[in-house]
Amino acid sequence: MTVRTAPPAAQGEVERRTPLPIFTRALVDGWRSLLGWSVGFTAALCLYLPIFPSLSGNTQMQQLIDSLPPELTRTINYQQIETGAGYTQSTFFGLIGFLLISIAAISWGAAAIGGDEESGQLELTLAHGVTRVQVAVQRFAALAVKILVLALVAFLVVLFWNAPAGLELEVGNLAVTCLLFGGLALVCGSAALLCGALSGRKVWGIGGGAAVAVLGYVFNAIGNQSADLEWLRAFSPYHAAFGDSPLANGTDAWTLAWFYLAALLLGALAALTLRQRDVGV
Amino acid sequence: MPRLGIVMTSRSSSDSAVHTSVDPGVDIAVDAVDLVKRFGRTVALDGVSFTIPRGSVFGVIGPNGAGKTTIMRALLDLIRLTSGRATLLGTDSRNAGPELRRRIGFLPGELILEGRVTGRRLLRHYANISGPVPLGRVDELAERFGLDLDRTVRTLSKGNKQKLGIVQAFMHRPDLLVLDEPTSGLDPLMQQEFLGLVREARAAGQTVFLSSHVISEIQQAADEVAILRDGRIITVSGVDALRDTAIRHLRMSATGIRTAELHSRLAALDGVAELDCRATATGAEATAVLGGALSPFVRAIATLDLTDLVVEEPDLEESVLRLYSAPEDRS
């Protein structure tokens, strides 16, 4: 409803309120960005998945991969590229998809509080009738929803190609993989939100979120190289999500819950941090 | 509107920062007691106390970094005081809930508005998180300021963004308005419109707390003015008293007069300082600052053959700086 088209106001009549205004605005303001990332996801998947049939059972391709240094194939997880699950995991969820969703999550997370404070707009929002905890919680919720939308896009597009590309993925396994994929991104995005809330600067949020994503990936890659370094994988959210090949094997409820609980914890810490400190200084 | 007494103290003027309340029966909108704020080793506020009666307009003035913005942010609980307390509309500002802030309208000093949303949508958003906005109020305010609400916020000029900021501060008719440099970026016509809005607010019983650099604005709008420097209130006074202390820059040139003669004419006047006379091709020109009354000056130059005369509006900030530039004894 716009004011201009409203009938003449009766005495004392006031503008209607939207419930959860901070959450709603974060979602509505972010729709272009969300749409852009969704298109990017779809494009990446539509580039990779259709060519699987020409690669699987292709001895030349397998020879090419065998000729690569084993350290490289282990780093980019190309060992199991001959199965549909291994291929989808290696090319999308473990690599380009992880990269894209991490960048999206980290930039959204860093902008949600740190970026907003740095630009000076958080000050004005907090001067209105909202608490800091409300602002942090509703923006965290909007971040989670946007990331889950991206995970849903990945689910739908992979599901679409499942039969045409002969991936032979189990729908249940695909669903939990997408939830892990989203959960991993949400942890990175929440870390960015927390670092932004701690510092009031977007760049620290990006740094904090990127540290979780990059170190998680690097620890997993190094841990894959030798038994001596396997302990590094214990510190890798990336390994926790994808180490047991969820697309082929599924996952247990605890692994899944771990990511969302960790993200909630980071979000709660962001809210508490923001409540304590001076804003806009 | 009866003029209500305001009692201001600061540490510089009294060791114990005695805070004397106005009559207990008088309704107080803002009661700040000995506000202290440190950022690390920097003291931003050094024992600021003031009281603003409900329904009055209170101006605070001072150079950049004096602490004007810090006071406003502390009142809104955006920053937390190191010590001291402030009561707004009967509620302690610290950790005050949304209910208090719904009764306040705030305009930040450096208003930054971004985004691809239209002004109307942005105001809708702020209406959602502020006190109830009467239907039609936003359009009424936008019309007064000639503000196009259907343009995207980030394409608006600084002045138009400032108008949006003013609208969001006033639209829910808050009991208390906290306005940091409200007219910055506005052209003179819009400044007058804004001052009209402030007068209406006062007439409606709303309280206005504003900071400004512009003497004419303070003069027209405020009942009382506090002068702030280095985190302390140096003085608080009525506007008339303040105007008397203001100085004006003046510049003039005249033909058919020698430098020495011009100099002697002007130097004889009370309140003329920094007099500088130079010869020109046809006569002489002078620059000076003038404190005090204008009439003697006008009489002194009435017989000259003037080719140019500029008397600038009194610069309150500069007057204040000059008046209080002498180092003070710190308690």
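Two residues are taken to be in contact if their C-beta atoms, placed from the backbone, lie within 7 Å. Helices (H or I, at least four residues) and strands (E, at least two) are DSSP runs, numbered from the N terminus. The model is a predicted one, in which local features need pLDDT of at least 70 and side-chain atom pairs count only at pLDDT 80 or more, while totals for chains, interfaces and linings use all residues. Residues are numbered from 1 along each chain as its sequence is written, and chains are lettered from A and ligands numbered from 1 in the order in which they are written.

Helix 9 (residues 259-267) of chain B lies across strand 12, strand 13 and strand 14 of chain B and runs at about 165 degrees to strand 13 of chain B. Here axes are lines fitted to C-alpha atoms, for helices over the stretch in contact, and angles run from 0 to 180 degrees between N-to-C directions. Strands are said to pair if DSSP finds at least two bridges between them. On this basis, an open sheet of 4 strands in chain B has the order 13-14-12-15, with antiparallel pairing. Its edge strands, strand 13 and strand 15 (305-311) of chain B, each pair on one side only. Neighbouring strands of this sheet are turned by 15 degrees against each other on average, direction ignored. Strand 13 (residues 272-279) and strand 14 (residues 283-291) of chain B run antiparallel and are joined by 6 bridges; the two form a hairpin with 3 residues between them. Within this pair, B:Asp276 stands opposite B:Thr287. Strand 12 (residues 247-255) of chain B pairs with strand 15 of chain B in the antiparallel sense over 6 bridges, and B:Ser253 stands opposite B:Asp308.

A further open sheet of chain B has 6 strands in the order 7-8-9-4-10-11, with mixed pairing. Strand 7 (104-107) and strand 11 (232-238) of chain B are its edge strands. Strand 4 (residues 57-61) and strand 10 (residues 224-229) of chain B run parallel and are joined by 4 bridges, with B:Phe58 opposite B:Glu224. Helix 5 (residues 158-170) of chain B packs on the sheet, touching strand 7 and strand 8 (176-180) of chain B. Helix 6 (residues 188-203) of chain B lies across strand 4, strand 8 and strand 9 (207-211) of chain B, at about 145 degrees to strand 9 of chain B.

The contact between the chains takes 32 residues from chain B and 28 residues from chain A. On the side of chain B that touches chain A, the elements giving two or more residues are helix 2 (98-102), helix 3 (119-128) and helix 4 (137-144) of chain B. Helix 3 of chain B provides the largest share of that side, 5 residues. By class, the side of chain B that touches chain A divides into 17 nonpolar, 7 polar and 8 charged residues, where Ala, Val, Leu, Ile, Met, Phe, Trp, Tyr, Cys and Pro count as nonpolar, Asp, Glu, Lys and Arg as charged, and the others, Gly among them, as polar.
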